[in-house]
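Visitor: I would like to learn how to read a structure of this kind, one feature at a time. Could you take me through it slowly, with the general idea coming before the case at hand?

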Amino acid sequence: MILLALLYIPSAAQSPGRLVRAQPYKDGCTGRGVRGMRHQRWLSWGSAKNSPNIPIVGRFGNYFGQQLATKIDRDATVVATNSLALPKPLAAPDSPLAQPAFETKERRLLELQLMNYFCFDVCSSLPGTYFPETRNIWTVVVPRLATNYDALLNAIMTLALRHMLCSGCQDIAPLDEVKRYHAQYLEATLQKSQSVVGTLSPAVADAASFTSVVLSLDAFASLRDRDIGDYAAPVQWLHLCKGVMQVFRVTLKLLKGYPEANINKIVATSGPFVERSQIMCEANRNQFPALLMRQPGESNEDDAAYIETVSYIGAIQSAIKAGEDIHSTTRRLIVYPVLFPQRFVELLDEHRPRALVILAHFFAVAAHCRTSAWVGDIPKREILALAGFLAPQYQHELAWPLITTAQMAIYAAMIIPVLYLLFRHGKVGIIGWFYLAAFCVLRILGGALALGGSKTATIIANIGLSPLLLAASGILHESNSLRKVGDAKVEWAVVLALHILVAGATAILAVGASALQSSSPLPSDLIKVKVGITLLLIGWVVLVGWSLQSWFRRSTQHSEASRAGRKILVGVAFALLFIGIRVVYTLVAFFSQKQSLSPVTGTLAVRILLVLVPELVASLILIAYGWITRNGTGPKNIDGQAARIHTRSRQGNA
């Protein structure tokens, strides 16, 4: 709970003070003087390459588990020794870090740059630092504490380098060197932490607490570098989280009665959101009812561990649903794994299917914070890896996290070429490409709302077909305009009629779907949904008939614009096949009312093959043919064709 409080700092907190004063500079000192402290730190650095071949985080988690469990509760479970596969620190001969026995100008410059980067770049991205008091703690108090605590000073350097790796910053060094520096500083941090963990005192407890926070954040961000080719659950990260929790149990006891300690100030002003009773509530558990179903052969202890973990994940989703700021949600993502029950970590280590599915849901809610430098593409990588690892009978449990995450990523990438084509095709194609862009935006928005558990996501999923149909009709109209077939007034009349039909169907469908999400839906609400879907089917039939009629109307022109129009017509015809599959499936799903066919609760195969794939293929076909014809639909080609027609007309009259 202390780590929760640490990262949730209310704005009412007072300006933090210092618990330990820095000792004055003592030349040649090997005690607490600044230069002496640095000599000691770097003398120990040189032995890193000769240390036992034990993974870095494993030594940290194992040692903390043994020392601190004994210090607080001799009957506590010792943290396991598994570890993250972090690189061993290997200093290049020409690296300033390869000279451990004495100070160098290069190393001093490197650490000055890293401290500057930490204060001005890293701190602004840390969870909770949008509060002025929180930022003051990280930018002022933490660096001061680090002058008297080697582990925290090394941890600051570690986190600055980790942020560079996450953001791709190469201002200080190329990323390969940044990665090497990060491994070296992490090794130094863990070595110093191990050397003092058994002798923690109130004088350094505050600094030790911040060191643990930095390590937990670095451990979460390190999931980006994890090799998931041969998938294994990231239990090493969770083992380190358990070691961090043990540290906080110690520091809380040591700092009891020290009101000037920053940790105590934070705990004293923390809100009810850190209370276990607020997290372990029925509302949070019921965010994912399918995850609460007990499987045959599970013990009471196993089931309790699963339910507790689901409560934490449900608390995150509840916060997203309530509109919580993304920075606050990121704090939850970093903190809650520290509080996961130890039994869940053990079940995850055994690759129990239910544990893996729960983990996938954790990463699915984490995707809401993918814009954070600390989260990035971690959720997508983990979910896709889990989908490839789980047996087929458990794949349907991943339908929500897998499809939602994939949909958001795919359409976020697709909207860029669509906007480009909207510009390239000009006025003649503005209707179709505008609606295709709107369709991509709706799918991205629907995915984000689904991650937050919003009921609006279901409504958006149902009405999302409307802009796709209108996009196809607008692009078909562009084709006919380029080919100069038929009466322009009749063309516009068809476009207008189709828009009215689809708009009416969308309105009826939205009203019915919204009512079905209420606590007391009426039978008439389902009828409205069926009527809306039927009208969309009629709109698709009209669009198919219009396409067939356009197909058999030959253009008398042989210009580049006319040839481009013919190609666009071919693309629309192919796209309508897949749009039809999606429309017919939706009609059957709502009329049959089978759970296995539902766009929301259906199996993974149904939701991929009949929902995601048809829409995606139809969109890609339209984009592909739009890209092929991007140079033949511009104003110059159209104006040139019109000029030639006008010239021939005048010659004929003469």
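Visitor: Let me begin with charged side chains: which residue forms a salt bridge with Asp-150, and how many Å apart are the closest N and O atoms?

Guide: Side chains of opposite charge can pair when their charged atoms come close. Please keep in mind throughout that this is a predicted model. Here Asp-150 forms its salt bridge with Lys-192, and the closest N and O atoms of the two are 3.7 Å apart.

Visitor: Are Asp-150 and Lys-192 buried or exposed?

Guide: Both Asp-150 and Lys-192 are buried. The structure holds 14 salt bridges, and another of them joins the side chains of Glu-382 and Arg-226, at 2.8 Å from N to O. That pair, too, links distant parts of the chain, with Glu-382 in helix H17 (residues 378-389) and Arg-226 in the loop between helix H8 (202-221) and helix H9 (235-254), 156 residues apart. Glu-382 and Arg-226 are both buried.

Visitor: What does Glu-308 form with Arg-276, and where do these two residues lie?

Guide: Glu-308 forms a salt bridge with Arg-276, in which the closest N and O atoms are 3.2 Å apart. Because Glu-308 lies in helix H13 (residues 300-321) and Arg-276 in helix H11 (residues 276-279), the pair ties together parts that are 32 residues apart in sequence. To judge how covered each partner is, one reads its relative accessible area, with under 20% counting as buried and over 50% as exposed. Glu-308, at 17%, is therefore buried, while Arg-276, at 43%, is partly exposed.

Visitor: Which residues are linked in a network of salt bridges?

Guide: The network is made up of Asp-302, Arg-343, Glu-346, Glu-350 and Arg-352.

Visitor: Stepping back to the whole chain, how many helices and strands does it have, and what share of its residues is buried?

Guide: The chain has 26 helices and zero strands, and buried residues account for 53% of its 654 residues. As for the surface, the chain exposes about 27,400 Å², of which carbon and sulfur atoms supply 61%.

Visitor: Which residues touch the most other members in the largest nonpolar core, and where does this core lie?

Guide: The largest nonpolar core has 102 residues, and those that touch the most other members are Phe-118, Trp-138, Leu-152, Trp-237, Leu-348 and Phe-362. Helix H6 (residues 150-167) gives the most to this core, contributing 12 residues. Because domain 1 (106-273) and domain 2 (282-393) both give residues to the core, it lies between them. There is also a second, separate core of 49 residues, which includes Ala-437, Cys-440, Ile-444 and Ile-623.

Visitor: Where is Ser-473 placed, and which residues does it touch?

Guide: Ser-473 is in helix H21 (residues 465-483), and at 0% relative accessibility it counts as buried. Leaving aside residues up to four places away in sequence, Ser-473 touches Leu-498, His-499, Leu-543 and Trp-546.

Visitor: Which residues form a nonpolar patch on the surface?

Guide: Ile-508, Ile-527 and Val-531 form such a patch, and together they have about 230 Å² of accessible area. Val-531 is placed in helix H23 (residues 523-551), and with a relative accessibility of 37% it counts as partly exposed.

Visitor: Finally, how many residues apart in sequence are Asp-225 and Cys-166, and how many Å apart in space?

Guide: Asp-225 and Cys-166 are 59 residues apart in sequence, and their C-alpha atoms are 9.7 Å apart in space. Asp-225 lies in the loop between H8 and H9, where its relative accessibility of 46% makes it partly exposed.

Notes: Residues numbered from 1 in each chain as written. Predicted model: local features only at pLDDT ≥ 70, side-chain atom pairs only at ≥ 80, totals over all residues. Heavy atoms only, no water. Patch = residues over 30% accessible without salt bridge, like charges linked within 9 Å, V, L, I, M, F, W, Y side chains within 5 Å. Areas by Shrake-Rupley, 256 points an atom, 1.4 Å probe, with all protein chains shown as cover. Salt bridge = Lys/Arg side-chain N within 4 Å of Asp/Glu carboxyl O. Helix = DSSP H or I, 4+ residues; strand = E, 2+ residues; numbered from the N terminus. Buried < 20%, exposed > 50% of the residue type's maximum accessible area, 1.4 Å probe, protein only. Core = buried A, V, L, I, M, F, W, Y, C linked by side-chain atoms within 4.5 Å. Domains from an automatic or database assignment. Contact = heavy atoms within 4.5 Å.
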